[in-house]
Amino acid sequence: MRFDGPFRRRTFLRGLGTTIALPWLESRASATELAGQSIPRMGMFYFGTGMNMRQFYPEGFGRQANLSRILEPLEKHRDQFTVLSGTYLEHGGGHDGAYPFATGIARGEKQIASPDQLAAAVHGSQTRFPSLQLSVKRGTGFGSQALATISWNQQGVPLAAENDPKTIFNRLFKADSADDQLAKADDFRQRRSVLDAVLEDARDIQPKISRDDRRQLDQYLHAIREVEIGLSREIDWSDRPKPQPKLDHLGDYENAVSPEGNGKFLYDDYAKLMYDLIALAFQTDSTRVVTYVVRTELAGGVYPEFGVSKGYHELTHHGNDPSNLEQLAKVDTIYMKHWSYFLDRLASIREGQGNLLDQTMLGFSSGMGIGHSKAILPTVLSGGRGLGINHQTHLQLSENTPLSTLWQTMADRMGVDTDGPGNQETFQDSPGIINELIT
């Protein structure tokens, strides 16, 4: 089952002689049914520094596999996830693992567009935000081992992530005041003026430079065109009202604290705020593509509220000490409880003949396994039954199967031509999609 592209709502309405923005619907089921097809979403999630793999994999394979201690919180979602044994990251196995995580390309080498951006190129024209980059750390962290993003654009440039729940919420849902609208209009004019000046200068020097310099200039102009497209999108969406989702039983975004904030910070509260934001962004069709660095390398926080006395990175250097391994498994289980909470939220939102989880694929893994290994990665795909995903609970892949096979499978379900001319002859180092996961 391959999607031929999203329902082009605005094109359809233009065909009637006008352009009308459809209102946001609390349940998007009616919009989806009108489209005559499912609206796919995808999320890629990075758990830095691996996990306690001695207590991660289920016992046995197939749908009846017995879940491990760490995965036990996912039991009620057994038919909505698959643990993948055998995944491998050629340039992983250390604290540089976030660099090759989504692209397969090592730190220090020229990157390529990550799978989320390939999907955003297909679906981004239909949503206010082509993609969202989220993290526990703001920015990119580029150049350091604690990379804060796993998203790379067409030029291989890292896309900055946001970590403040209040900032993300306001960006998604807070209406602009009259003053904000005036300031934004002025900003649009200034940015357009700067772009026009840059392009004029480029045209002036183009006939006077060497062939090699012209190639470099062409790359630069391609980046400028991306900025132009982004600016045009902002202008196009600036006069459309943002959705106003119901926030019953959700957290307090007005007083939320980021991991880098100065207020009282509890990771349990933060994790739920961030997962709720992703669910709301998908539900309102504000975006269909999200990346989230749940835990950066060399970090992971301290969890006194759960009785854990050491930071995550310190625990991974366990030295086979039973106490350290026990606390490491305890923290990993906490993360899986939050993941279960996320799946609960998506499953609770009705859409079409099923729920939002049915229309959403969520893949998580890490840049290393236990002991800084390149293999034995904590890899799980959740959701997507309505997109043709056939879950197995625990699936054994061939030894050292590239992690990119998961990303290719997800991209395929998003309607991305992963074998097309724009993506070279193959998808990264993937031997192909995971056929056992496709109905």
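## A walk through the fold

Among contacts in the protein chain between residues at least 6 apart in sequence, 74% join residues at least 24 apart; contact here means heavy atoms within 4.5 Å. What you are looking at is a predicted model, in which local features need pLDDT of at least 70 and side-chain atom pairs count only at pLDDT 80 or more, while totals for chains, interfaces and linings use all residues. Residues are numbered from 1 along each chain as its sequence is written, and side-chain values use heavy atoms, with hydrogens and water left out.

Let us begin with the whole chain. The protein chain has 11 helices and nine strands. These elements are DSSP runs numbered from the N terminus, with helices being H or I of at least four residues and strands being E of at least two. Of the 439 residues, 54% count as buried. Buried means under 20% relative accessible area, exposed means over 50%, and partly exposed is in between, using a 1.4 Å probe and protein chains only. The accessible surface of the chain comes to about 19400 Å², and 51% of that belongs to carbon and sulfur atoms. Such areas come from the Shrake-Rupley method with a 1.4 Å probe, and for residues only the protein chains shown count as cover.

Now turn to the helices. Two packed helices are described by the angle between their axes and the distance between the axes. The axes are lines fitted to C-alpha atoms, for helices over the stretch in contact, and the angles run from 0 to 180 degrees between N-to-C directions.

Find helix 8 (residues 267-283), which packs with helix 10 (residues 322-347) at an angle of about 30°, their axes being 10 Å apart. Helix 8 passes helix 10 in a right-handed crossing. A crossing is right-handed if the near helix is turned clockwise from the far one by less than a right angle, and left-handed if anticlockwise. On the helix 8 side, the meeting residues include Tyr-267, Lys-272 and Phe-282, and on the helix 10 side they include His-338, Trp-339 and Arg-345. The residues of this contact divide into 12 nonpolar, one polar and four charged. Here Ala, Val, Leu, Ile, Met, Phe, Trp, Tyr, Cys and Pro count as nonpolar, Asp, Glu, Lys and Arg as charged, and the others, Gly among them, as polar.

Helix 8 has another partner to look at: helix 5 (residues 165-173) packs with helix 8 at an angle of about 15°, with the axes 10 Å apart. That makes helix 5 roughly parallel to helix 8. The crossing of helix 5 with helix 8 is left-handed. Pro-165, Ile-168, Phe-169, Leu-172 and Phe-173 in helix 5 meet residues of helix 8, including Tyr-270, Met-274 and Ala-281.

Finally, visit the loops. Thr-49 sits in the loop between strand 1 (41-47) and strand 2 (81-88), and has a positive phi of about 70° although it is not a glycine. Thr-49 is buried, with a relative accessible area of 3%. His-249, in the loop between helix 7 (211-238) and helix 8, also has a positive phi, near 70°. His-249 is exposed, with a relative accessible area of 80%. Asp-79 lies in the loop between strand 1 and strand 2 and is partly exposed at 46% relative accessible area. Asp-79 touches Arg-385 and His-391, not counting residues up to four places away in sequence.

Conventions. Parallel < 35°, antiparallel > 145°, perpendicular 65-115°, else oblique.
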